[in-house]
Amino acid sequence: MPRTVLITGATGTVSTALMGALEGAGVNLRALVRENSSADGPRARGAEVVTGDLDDPRSLPPAFEGVQDLWLLTPNGPRAPENNMNAVWAARQAGVERVVRLSAVGAAHDAPNRSGRLHALSDRETEHGGMRWTILRPHWFMQNLLNEAADIRATGTFSLNMASARIGMIDVRDIAECAARVLLDDPGRHHGRTYTLTGPRSLTFDEVAGRSALALGRPVTYLPVGDDARRATLLGHGVPGWIVDMLEEYARAYASGWGDLTTGTVADLLGRPPRDVADFVRDHAAAFVPAGGG
């Protein structure tokens, strides 16, 4: 009998990619959404859609009924450990066998950012939730570059407060495929494992710009800016203050060398190397190049 996988964070970038990776793989997909208005995307990927809110534990039991595997992705924010707690408890009460949780690179109780410390709390609770568990800790998403696509299209430049940080960034599609591999394998195979997922090499944003220019066939330049300038840009785009603070903490950590790491885990799980940033840019070229290719 096919296993039922409950997907949380079902409308987000990683979970959407995961549903794509699991489509046609012989599992029953069930997607948790807060409101029915968000159901179209998951439903188009073949998922049964259920409503529930990780902020409200009373809303969760029907969504977890009959589930064997939980993909656990909580929203970034100060309530993340509470959301994780509610999901883990609902899963345990429903008899879920396995939890595969999306954490973050460097999650630890002494991480140099609040997000990393909050993830560490949720990781520890997941480990002691009474179910089989696997934790994925991905590095900086290449898809974050899509936030700079409008500037690259318009001016051939992009600005981040990362100084000369070197980062082992990863394509979300590789994260999703690793998660799918874990979920499709026997529940015992990856139990008790924490996987740090990175791209193939650690790059500065000058190097990202150079590789992007070659992939696009047009100049791309990285223009580092200070924290205050980046903060003003993000707030101007309506990014919540807590998220702006979190991103600034990560940027400072990365600028100090904290993100200069890679692992071979993606290749070990998938049997192929992870995608390079040039692959990512080529695959998303339409986002970075003006209409007509000029």
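Mentor: Begin with a definition: angles under 35 degrees count as roughly parallel, over 145 as roughly antiparallel, 65 to 115 as roughly perpendicular, and the rest as oblique. Keep in mind that this is a predicted model.

Trainee: How many residues of the contact of H1 with H7 are nonpolar, polar and charged?

Mentor: On the H1 side the contact includes Thr13, Val14 and Leu18, and on the H7 side it includes Ile175, Glu177 and Leu183. The contact of H1 with H7 has one polar residue, one charged residue and twelve nonpolar residues.

Trainee: How are H4 and H5 oriented to each other?

Mentor: Helix H4 (residues 80–94) and helix H5 (residues 114–127) have axes 9 Å apart and an angle of about 15° between them. Angles under 35 degrees count as roughly parallel. H4 and H5 are therefore roughly parallel to each other.

Trainee: Which residues in H5 does H4 meet?

Mentor: H4 passes H5 in a right-handed crossing. From H4, the contact takes Ala80, Pro81, Asn84, Met85 and Val88. Their partners in H5 are Leu118, Leu121, Ser122, Glu125 and Thr126.

Trainee: How is H5 placed relative to H10?

Mentor: Helix H10 spans residues 241–255, and H5 packs with H10 at about 100°, with the axes 8 Å apart. Since 65 to 115 degrees counts as roughly perpendicular, H5 is roughly perpendicular to H10.

Trainee: How many charged residues does the contact of H5 with H10 have?

Mentor: Arg114, Ser115, Gly116 and Leu118 in H5 meet Trp242, Asp245, Met246, Glu249 and Tyr250 in H10. Asp, Glu and Arg count as charged. By class, the contact of H5 with H10 has four nonpolar residues, two polar and three charged.

Trainee: What is the volume of the largest cavity?

Mentor: The count comes to one cavity of 30 Å³ or more. The largest cavity has a volume of about 50 Å³.

Trainee: Which helix gives the most to the lining of the largest cavity?

Mentor: The lining includes Ala80, Ser115, Leu118, His119 and Trp242. By class, the lining has four nonpolar, five polar and no charged residues. With three residues, the helix that gives the most to the lining is H5.

Note on methods: Residues numbered from 1 in each chain as written. Predicted model: local features only at pLDDT ≥ 70, side-chain atom pairs only at ≥ 80, totals over all residues. Heavy atoms only, no water. Axes fitted to C-alpha atoms, helices over the stretch in contact; angles between N-to-C directions. Helix = DSSP H or I, 4+ residues; strand = E, 2+ residues; numbered from the N terminus. Left-handed = near helix turned anticlockwise from the far one by under 90°. Contact = heavy atoms within 4.5 Å. 1 Å grid on protein atoms, 1.4 Å probe; cavity = no way out; pocket = protein on both sides within 12 Å on 5 of 7 lines; lining within 4 Å. Points joined across faces, edges and corners; volume = space filled by probe spheres on them.
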